[in-house]
Amino acid sequence: MSFLKPQTHIEKGDIVILYLSVNSMHAIEAVPTILNKKGETIPHIFQTPYGSLKVESIIGVKYGSRVELSKGWAHVLQPNPELWTQTLPHRTQIIYTPDISMILHQLEVRPGAVVVESGTGSGSLSHFFLRALKPTGHLHTFDFHDLRATQARDEFRKHGLESFVTVYHRDVCNLGFTSELDGRADAVFLDLPAPDLAVPHAFKALKLSGGRFCSFSPCIEQSQRCINALSKLGFNEICSMEVLQQENVVKTRTVPVIDLEFLKQPKSSSSEATKTPKELKKYLTSSNPQVLPGHTGFLTFATLPPNIAKT
Amino acid sequence: MATPNIQLGDYIIIQRQKYTKLQKFGNIDATAQLGKEQLELNALLDQPYGSTFKMCVKESKAGKRGAQRQHTLKLCSETELRDIRAVLGISSSGEDNRDICDNGEAQALKSEDIEQLREECNESSKIIEKLVENSKTFHTRTEYSQEKYLKKKEKKYFEFVQIRLPSIRLMADIFYRQDAEKVMGIRVDTLSQIISYSGVCGFGNYLLYESGTNGLLPAAMLNSIGAATEATLVHMHPGNVPQKQALLALKLPLEQQQRCISVNLYSVLREFYQGEALPPIAGESSSLEDAVPESLATEPNSPTEPTSKKPKLDESECTNRSPLRWQLENKRACALMHAKFDCLVMAAKEHPSSILQALLPLLNSSRPIVIFSTCKELLLETYMELKTSGKVTNLHLTSNWMRMYQILPNRTHPEVNMSGNSGYLLTGYTLSSAEKTQE
C-alpha cells in the first residue's frame, strides 16, 4: 500500500523511503522477514553505509520520524511518485519529474481521466499518472516486454494501485491498443522508438469528443516523423518543447577582501606592529552544479479536435 | 464526459488561430473584442463547446487606426476550414530569393483597395487570392517563403473563431501571455511542477497560501483534487476577497467547488489560535493592491458566486449576503488546520519566511512543501532557515529552462524567442517534530 493516500504511520507491507541524504535514498518494504537465496525465512535487515536497520522495528513508526541505524540514523518517508522515481529499480531508462509534470499538465490528466500509455518501462511515469487520475480514472499501460509488464503489474498490486490500472503485454506499434479501447481515451502518451507507427492507434483510442496526445522522444527525427503522422490524421495544436530543470546549490561563502591600498605607501618600519586582520565578507550564494542534465527528450503535444471521423 | 453546451454566465475561451482569450459570456448581448474586431456572442448560446463560428461583418466604423468592425457569429462546420494553399491551387514557386528586392512595389493593390476588399468579401481565402493575384513576386518566392506569406496573410484575415471550454492548460497560457504578473510570474513548467511536488490528488487535505494569481493556483490544485473525491483544499489569501477568476472559469461541479475553502490568512489564524471569529481588521491586510476599507461585507465570497477581479465593485452586492459565510468557511478551515494538512504550497508576494513559520506547524510529517518565488534571494534565506531548523529535509532549490521548437520538414530549429525566467521552487519534506522531544 502506502501509495494510495496520505498515511501517518508505517503499516506492515508498506513501501517506505529510507532517507539517508539528498544523494542516498532507498525504497524498502516494511516486512519483518524475507526469503533468502536458499528460500529460507530470515529477519529483514537492510544494510546502509551508516549501519544496518532491522526493518521490523519501523512498522508502526510515524512517517517523517528519525530511525536509528547501528552506526547512525535516517528518516523514514512515505513514498510518492517523486521519491519512487528516484529510488525505483530501473528496468529501462526513465522519465523524471520535470518532464513528467509537463506531460501531466499538457495531457490535462485529473481524477476521472482515462489514459493510455506505451511503454510501461519501469513504471516511473505510470505512478504519476495513477496519482493524478485515481480514484475515478483508469490507466491502460502497454509494454512489449513480457517480464517488464509482469513486474509492473506486481508493483502496482504491492503499491495498492491495482484497481486503477490495467497492464498489457502487447506490441502496440503492430497490434494497436486493442479494439476495446477504441474511442475510450482522454489522453495517449507514447514513449516508443518509432512513435509515428503508433500514432494511428492513438488516433483510434482517443474519444470522439477529442483528446490530448504526447510523445516523448530523445531524438528530433523521431519527433519529426511523429508530427508528420499527426498532421495527416488531423491533429492540431501541435507543439514541441524541451524542459530542463536546474538545481541551485545553496552555500554560505566567506570571501576575504584584500587591501591593496597600502602598497601605494612606502613600507614603514612600524607596519608590522599594526598589521590589520584580513577583512572577511559572508554571502549566501547559489550556483549550478558542474554537470547538469543538458537533454532528456523532446516533448511533442497535440490535440485531436472533436468529431473527426475515424473510419 | 460529453462535451457541455455553452451557457450564459460561463467563462469561454475564444480562439482565432493561435490567439486565445478568456471571456465571460455574462448575458445574451455580451460582445468580445478581438483586436479591432468586435464579436456579438449571442449565437453561441446552447452550442457545444469546441464549435467553430464564422465572423460575418455586420457593420464597419472608421476608427483611429483602421476600421472597427462589428461581427455576428454563425455556426459552421470544420470542413469549411481548408488549407489555404490547396484552395488557391498554387503550383509554381522559385528556387531562392536572388531576384526579389524589397522596393515596396510587389503588391499592386493599394491599402484602400484591400480595405474595400475586406468589406466586400466574407472569406479570407478570397482576399488572399486577390492579394496573391496582384503580387508581382509571389510566384518567384520559394515554396517555404510562399507558405510563410500565406500564413501571415491568413492570420490577418482569418474569419473563423473556435469557442473552447476553459481548462487549466489553456488559462495558464492566456494569463502568462497577457501579463505574467497576473499569475505572479508562474510559468507553465513551474506550475506543472508545483502540482507534482505538492502531491495534490483525490485524497488528502491540502493547504495553499497565495497572494494573487487570478485564481490560477487554487484552480490548478482543485482541478487535481477532482470531482467526486474526498480531498479538500484550504486556500489562504491576504486580501478581503480571494481572486477566483480561473476557479470560476473551470465550471466545476458545486460539490467540488465547495471543497475549496477560501479564507483570509489573518482572520483564520486568529480564530485558530484564539478561538474567536473576528473579521480581519483594517490595516491588517497586507494585500498590495487593494486599499479598500475592510468591513464584514467584503468577507470571502462563496465559490459559487462570481467574484470580480476588483473587490471594490463587489462591495455593494456583498452587503445583502449572510455575514456568516466567511465565519463558516473559517470554522471549516480551522477544523482542517487542527487535523493537519498533507502539503503546503506557497506563492507569496510577501517574504515567505514568516508565513512559512506560521503554516509549517499545520502540516503532518513526511509531507511535501513547495514554495514559489520569482526571486531567488528570498528562497535562499528561507532555505537556510529551514535547513537550520531541522524541520524539513530533502531541500532543493530549482529553476527551469524551457525551449519551444519549430519542427517542420527541413525547417527544424528552436524558436527564436524563449522565456527567461521560470521562477524558483523550494521543495522539501516535513519531519516529525516528536523526535525533537526525544533528543
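Setting aside neighbours within four places in sequence, A:Leu125 is in contact with A:Ile95, A:Ile100, A:Ile103, A:Glu117 and A:Phe189. Contact here means heavy atoms within 4.5 Å. The model is predicted: local features need pLDDT of at least 70, side-chain atom pairs count only at pLDDT 80 or more, and totals for chains, interfaces and linings use all residues. Residues are numbered from 1 along each chain as its sequence is written, chains are lettered from A and ligands numbered from 1 in the order in which they are written, and side-chain values use heavy atoms, with hydrogens and water left out.

Stay with A:Leu125. This residue sits in helix H3 (residues 124-133) of chain A. Helices (H or I, at least four residues) and strands (E, at least two) are DSSP runs, numbered from the N terminus. A:Leu125 is buried because its relative accessible area is 5%. Buried means under 20%, exposed over 50%, and partly exposed in between, with a 1.4 Å probe and protein chains only.

An unreviewed UniProt entry gives the feature "binding site" at A:Ser122, A:Gly123, A:Ser124, A:Leu125, A:Asp143, A:Asp171 and A:Asp191. Those positions follow the numbering used here, feature names are shortened, and annotations may be inferred rather than shown by experiment.

Now move to A:Asp143, another residue in that UniProt feature. A:Asp143 lies in strand E10 (residues 138-143) of chain A. Why does A:Asp143 count as buried? Its relative accessibility is 4%, so it falls in that class. Beyond residues up to four places away in sequence, A:Asp143 touches A:Gly119, A:Thr120, A:Gly121, A:Arg148, A:Tyr168, A:His169 and A:Arg170. Its side chain reaches the backbone nitrogen of A:Thr120 at 3.2 Å.

A:Asn307 gives a contrasting view. Its place is the segment after strand E17 (298-304) of chain A. A:Asn307 counts as exposed because its relative accessibility is 59%. The chain brings A:Asn307 and A:Ser209 to 5.9 Å, C-alpha to C-alpha, though 98 residues separate them in sequence.

Next comes chain B. B:Thr229 is in the loop between helix H7 (216-225) and strand E9 (232-237). B:Thr229 counts as buried, because its relative accessibility is 11%. Which residues does B:Thr229 contact, leaving aside neighbours within four places in sequence? They are A:Pro111, A:Pro135, B:Gly202 and B:Arg259. A polar atom of the B:Thr229 side chain lies 2.7 Å from the backbone oxygen of B:Ile225.

Finally, look for empty space. Rolling a probe the size of a water molecule over the atoms shows where such space is left. The structure holds three cavities of 30 Å³ or more. On a 1 Å grid over the protein atoms alone, a cavity is a set of points where a 1.4 Å probe fits but cannot get out; lining residues have an atom within 4 Å of a point. Grid points are joined across faces, edges and corners, and a volume is the space filled by probe spheres set on the points.

The largest cavity has about 300 Å³ of space. It is lined by 23 residues, and the closest to its centre are A:Pro6, A:Pro79, A:Asn80, A:Arg131 and B:Gly199. Helix H1 (81-87) and H3 of chain A, together with helix H6 (188-198) of chain B, each give two or more residues to this lining.

The second largest cavity has about 150 Å³. Of its 15 lining residues, the closest to the centre are B:Val57, B:His71, B:Arg118, B:Tyr157 and B:Glu159.

How values were computed:
A polar contact is a pair of N or O atoms within 3.5 Å; within protein, one must be able to donate a hydrogen and the other to accept it, and residues adjacent in sequence count only if both atoms are side-chain atoms. On a 1 Å grid over the protein atoms alone, a cavity is a set of points where a 1.4 Å probe fits but cannot get out, and a pocket is an open set with protein on both sides within 12 Å along at least five of seven lines; lining residues have an atom within 4 Å of a point.
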